[in-house]
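Work through the exercises below with the model open. Each task is followed by a solution in steps.

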Amino acid sequence: MAGLGIEKMDADQGMRHHDHAELSPSTMHHEHKKSSSGGSSPTTPAFGDHGALIHRVSTDGTPPYAEHGPTIDRSKTADMKKPSNGGLRWPRIRRMIREPLSEFMGTFILIMFGDGVVAQVVLSGGSHGDYQSISWGWGIGVMLGVYASGISGAHINPAVTFANCLFRKFPWRKFPIYASAQVLGAFCASGVVYANYKSAIDEFEGGSHLRTVPGYSENASAGIFCTYPAEFMSRTGMFFSEFIASTLLMFMIYALKDDGNIGAGNLTPLGLFFIIFGIGACFGWETGYAINLARDFGPRLMSYFLGYGHEVWSAGGYYFWIPMIAPFFGCVFGGFLYDLLLFTGESPINTPYFGLYRFVPGMRHAYDGVSFNAEDLKEESAV
């Protein structure tokens with residue numbers, strides 16, 4: 001893991017200083033207070049209007065993030081706490097894989113609560129919960145999953161990780177690692193839910209030898225683990241339902257994390273609870289609002305191994321690929337919309353040609369180090 005420093009950005013001079021001394025939250029507060037009380041100019045720095053900005057930056061050359069905390073990256077103080085007995089073998093191994101373990105457990109908890117509430121409602125025939133209970137369960141699962149996985153940024157969704165790579169400079173090299181950990185966490189959690197409700201599933205299906213999928217049986221239990229579309233849905237409607245729900249999810253995540261907006265700060269997990277609850281209550285009927293490849297594919301794969309058969313893939317006209325692909329399109333579009341319309345911080349959208357010049361051969365580094373601040377442009381026009 002690369003060493004971490006603290007980058008101080010002076011509002012009126014734009015100078016950067018790296019201090020690799022051990023810092024604590026109290027010294028960070030002191031530095032911030034000292035900078036903001038000095039005689040700085042009224043020029044508004046990037047990402048806020050609070051004078052000097054202090055934030056985490058990797059000393060290996062990785063660009064600083066525009067935002068910090070859940071759903072973006074680790075908290076600013078996460079690496080400042082010294083591990084206990086960090087020289088032992090397991091602590092050293094754990095430090096190397098801590099972020100994938102964090103995403104694994106965050107997604108694991110998400111599925112435990114999400115699939116768990118669906119199992120209780122379905123297998124009880126609605127006597128121990130209803131559709132609103134399912135919205136509550138998934139919302140709570142996301143909130144607690146984020147609390148559990150804040151170490152890694154609490155993405156718990158490959159599409160969210162992908163959008164952060166595009167718009168928030170999250171390292172691309174971590175994307176396959178995060179996505180694999182998320183899928184594996186969902187896969188394992190669905191197996192635990194199945195083991196817990198196996199007796200109830202046997203009773204509901206009519207025997208331990210019966211395992212059926214929605215559309216093939218009136219007592220199908222496969223919908224406990226992954227999503228299946230309503231019978232009246234067209235292929236276009238299926239895709240659009242997942243697309244619009246994923247767009248709302250990513251747009252609102254960036255709204256919660258934007259301190260230039262109201263921002264949710266430490267209440268981000270609670271805000272995510274209401275986002276998921278709202279999406280489920282308003283857009284969940286048609287396709288089950290998977291909005292997450294890991295949440296759908298991991299449990300679907302587990303249900304296949306548990307004996308639900310080929311129908312887990314063929315049901316709904318081979319619907320399974322839609323909740324795998326549509327969330328990526330939706331989250332990218334949601335992040336694009338937020339940065340295009342509202343976000344003024346560091347993002348490819350706030351670079352020349354919306355950052356698309358990087359895909360043109362010979363222009364990838366054409367604007368590296370070039371500033372387009374309003375003050376600079378005024379000075380040039382005056383000359």
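The model is predicted, so local features need pLDDT of at least 70, side-chain atom pairs count only at pLDDT 80 or more, and totals for chains, interfaces and linings use all residues. Residues are numbered from 1 along each chain as its sequence is written, and side-chain values use heavy atoms, without hydrogens and water.

**Exercise 1.** Describe how α5 and α9 cross.

Step 1. Locate the helices (DSSP runs of H or I, at least four residues, numbered from the N terminus): α5 covers residues 175-196 and α9 covers residues 293-308.

Step 2. Take the axes, lines fitted to C-alpha atoms over the stretch in contact, with angles from 0 to 180 degrees between N-to-C directions. The two axes come within 7 Å and cross at roughly 45°.

Step 3. Classify the angle: under 35 degrees is roughly parallel, over 145 roughly antiparallel, 65 to 115 roughly perpendicular and the rest oblique. α5 and α9 are therefore oblique to each other.

**Exercise 2.** List residues of α5 that meet α9.

Step 1. Apply the contact criterion, heavy atoms within 4.5 Å.

Step 2. In α5, Q182, V183, A186, F187, S190, G191 and Y194 meet residues of α9, including F297, M302 and F305.

**Exercise 3.** Examine the positive phi values of I156 and I291.

Step 1. I156, not a glycine, has a phi of about 45° and lies in the loop between α3 (131-148) and α4 (158-167).

Step 2. For I291 phi is near 45°; its loop joins α8 (268-283) and α9.

Step 3. Check burial (under 20% relative accessible area, 1.4 Å probe, protein chains only): I156 is buried at 5%, and I291 is buried at 4%.

Technical notes:
Helix = DSSP H or I, 4+ residues; strand = E, 2+ residues; numbered from the N terminus. Buried < 20%, exposed > 50% of the residue type's maximum accessible area, 1.4 Å probe, protein only.
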